[in-house]
Amino acid sequence: RKKAIIVGSGIAGIATAIRLQNQEIDAHVYEINDSPGGKLTEIHIDGYRFDCGPSLFTMPQFVEELFEVSGKNSNEYFQYIKKENVCNYFYEDGTRFVACADQNKFAKKASEVFDVSESKILKYFQKSKQKYDLTSSLFLEKSLHKLSTYLSWDTIKAIIRINSLDINKSLDQVNKKEYKDPKMVQFFNRFATYNGSSPYLTPGIMSMIPHLEQYYGTFFPKGGMYSITMSLYQLALDLGVTFHFKSKIDQILVKHKKAEGVLVNGEQILADMIISNMDIVPTYRKLLVDQKAPGKVIKQPRSSSALIFYWGIKKKFSELDLHNIFFSEDYKGEFNYIFNKKNVSDDPTVYINITAKNEENDAPKGCENWFVMINVPGNQGQDWAHIIKKSRENILKKLSRILQADIKSLIETEEILDPITIENNTQSYQGSLYGASSNNSFAAFLRHPNFSRKIQNLYFCGGSVHPGGGIPLCLLSGKIVSELIQKDYNHK
Ligand code: FAD
């Protein structure tokens with residue numbers, strides 16, 4: 001049997017290992033940390049449990065598929081429910097809106113709250129679906145960097161209808177054309193943050209993202225987001241994948257333009273193929289120092305990072321649910337701070353995730369586990385201590401005002417994650433959440449391919465390479481890599 005080494009046990013690394021093991025390739029995963037998951041982990045403090053990173057679960061079919069291809073019953077490993085209400089929205093002028101998963105209910109409610117007709121919204125969702133259906137097989141499900149991808153009927157269809165994809169407009173321009181009500185524009189602009197981009201820069205094609213939420217739905221995994229990691233980790237173990245924790249890979253060994261193995265703790269370990277789940281920038285800068293890095297790809301501006309306060313709150317708030325957004329008043333200004341000034345505005349949009357709404361054991365009785373997050377720029381040496389102090393005060397002021405409660409006095413325990421700690425914990429360059437940003441029309445083509453053009457036997461998966469960040473795309477990157485390997489090595 002052939003042997004594969006996977007650098008990192010992020011969700012894409014685990015997914016790749018599962019698929020390779022199913023292809024009868026012995027998969028060995030090396031991980032710096034002492035447990036799997038990368039950005040998808042959890043922490044326990046003082047009786048509270050918090051998911052550390054991702055909180056929104058979409059496209060569960062990509063997780064299901066891993067159990068399917070492994071011939072296992074997913075129910076025995078992993079369960080989840082569909083959310084009827086996707087998210088609660090709070091605007092500074094007092095407007096409140098509950099986004100329902102059902103499109104018709106959503107449109108009806110939106111027409112009551114905003115200056116918009118039901119039919120306008122339903123039409124928008126239709127266009128969103130068309131954009132997704134036209135491009136998903138080209139941009140998400142295949143390698144963008146193989147000629148065969150371009151010789152397909154799907155690609156030809158997408159090219160014929162390229163004008164309808166709004167590639168040359170920004171998401172904000174598309175939404176402004178559709179909606180008169182600035183609050184509706186802000187609502188739909190927010191979807192740019194799903195891949196860490198700015199609605200004022202990212203192309204209008206991103207208006208396909210609401211389709212994922214409003215058509216496929218949003219879900220909550222039993223046990224919290226971390227159970228995605230743990231169920232896939234268990235599946236990998238059951239299939240025979242070997243995990244090596246506390247094992248930092250220091251170098252990918254390359255001889256005569258072929259990857260031959262890795263260097264771990266001074267020891268050379270050989271394999272037939274190496275798959276890096278490490279962020280693509282440090283993969284080149286730290287593991288492939290003697291190889292020429294693809295400059296343009298590596299220099300792509302990064303997606304946003306996050307500042308998160310994990311607060312144990314000794315009160316329950318009936319007006320909050322699993323996902324809650326408190327919009328800033330000046331959305332454009334907020335993104336200008338993040339992507340141009342590389343700083344944080346005084347009125348950032350605040351997201352609160354409360355898993356105790358679904359899993360009551362995640363917080364002590366009568367309490368809630370608040371994961372309070374704002375979008376921030378990646379780490380470029382800013383004074384984070386100052387930014388954290390200032391943002392904490394601004395967030396507390398905003399939430400106390402809108403929820404009419406003294407939030408500061410309700411915090412009984414606290415932990416903080418910032419771009420520096422995200423980078424330290426996961427090696428993600430600048431602590432970005434989703435690899436390169438999608439702040440230009442060609443971003444998809446400038447993401448690194450899932451294979452090396454110069455070094456044989458070397459592949460890449462995870463949020464910093466094609467097709468991009470976020471759990472669903474990371475899982476797809478594992479699928480693409482396994483298909484490339486199947487072709488390259490002619491495995492059945
Ligand atoms: P990562 O999770 O980045 O893991 C890489 C792993 O490789 C790490 O464990 C690291 O320790 C290991 N590693 C790196 N270098 C080495 C080495 N040299 N040797 C050994 N091991 C190494 N996505 C969503 O879908 N929904 C959300 O709501 C969402 N919200 C997010 C919120 C936050 C705060 C964060 C941080 C991310 C969020 N994301 C969300 C994005 C999502 O978490 C990521 O896209 C995804 O988890 C990245 O997975 P990955 O496989 O690329 O690897």
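This is a predicted model: local features need pLDDT of at least 70, side-chain atom pairs count only at pLDDT 80 or more; totals for chains, interfaces and linings use all residues.
**The ligand and its shell**

How many residues surround the ligand? The shell holds 35 residues. The closest are E31, K39, G463, G470 and I471. By type, the shell divides into 15 nonpolar, 17 polar and three charged residues.

| Residue | Protein atom | Ligand atom | Distance |
|---|---|---|---|
| A12 | backbone N or O | oxygen | 2.9 Å |
| N33 | side-chain N or O | oxygen | 3.3 Å |
| I249 | polar backbone atom | nitrogen | 3.0 Å |

How much of the ligand does the protein bury? Taken alone, the ligand exposes 1000 Å². The protein buries 95% of that area.

Which element gives the most? Helix 17 does, with three residues.

**A pair of helices**

Now look at helix 2 and helix 10. Helix 2 spans residues 61-69, and helix 10 spans residues 226-239. The two pack with their axes 11 Å apart. The angle between them is about 15°. Angles under 35 degrees count as roughly parallel. Helix 2 and helix 10 are therefore roughly parallel to each other. Their crossing is left-handed.

**Two backbone features**

Most residues other than glycine have a negative phi, and most peptide bonds are trans. Two places in this model depart from that pattern.

Where is the cis peptide bond? It joins H466 and P467. Its omega is about 0°. P467 is found in a loop. That loop runs between strand 20 (458-460) and helix 17. Helix 17 is also the element that gives the most to the ligand shell.

D46 is found in the loop between strand 3 (42-45) and strand 4 (48-51).

Notes:
Residues are numbered from 1 along each chain as its sequence is written. Side-chain values use heavy atoms; hydrogens and water are left out. A residue is near a molecule or strand if one of its heavy atoms lies within 4 Å of it. A polar contact is a pair of N or O atoms within 3.5 Å; within protein, one must be able to donate a hydrogen and the other to accept it, and residues adjacent in sequence count only if both atoms are side-chain atoms. Accessible areas come from the Shrake-Rupley method with a 1.4 Å probe; for residues, only the protein chains shown count as cover. Helices (H or I, at least four residues) and strands (E, at least two) are DSSP runs, numbered from the N terminus. Ala, Val, Leu, Ile, Met, Phe, Trp, Tyr, Cys and Pro count as nonpolar, Asp, Glu, Lys and Arg as charged, and the others, Gly among them, as polar. Axes are lines fitted to C-alpha atoms, for helices over the stretch in contact, and angles run from 0 to 180 degrees between N-to-C directions. Angles under 35 degrees count as roughly parallel, over 145 as roughly antiparallel, 65 to 115 as roughly perpendicular and the rest as oblique. A crossing is left-handed if the near helix is turned anticlockwise from the far one by less than a right angle, and right-handed if clockwise.
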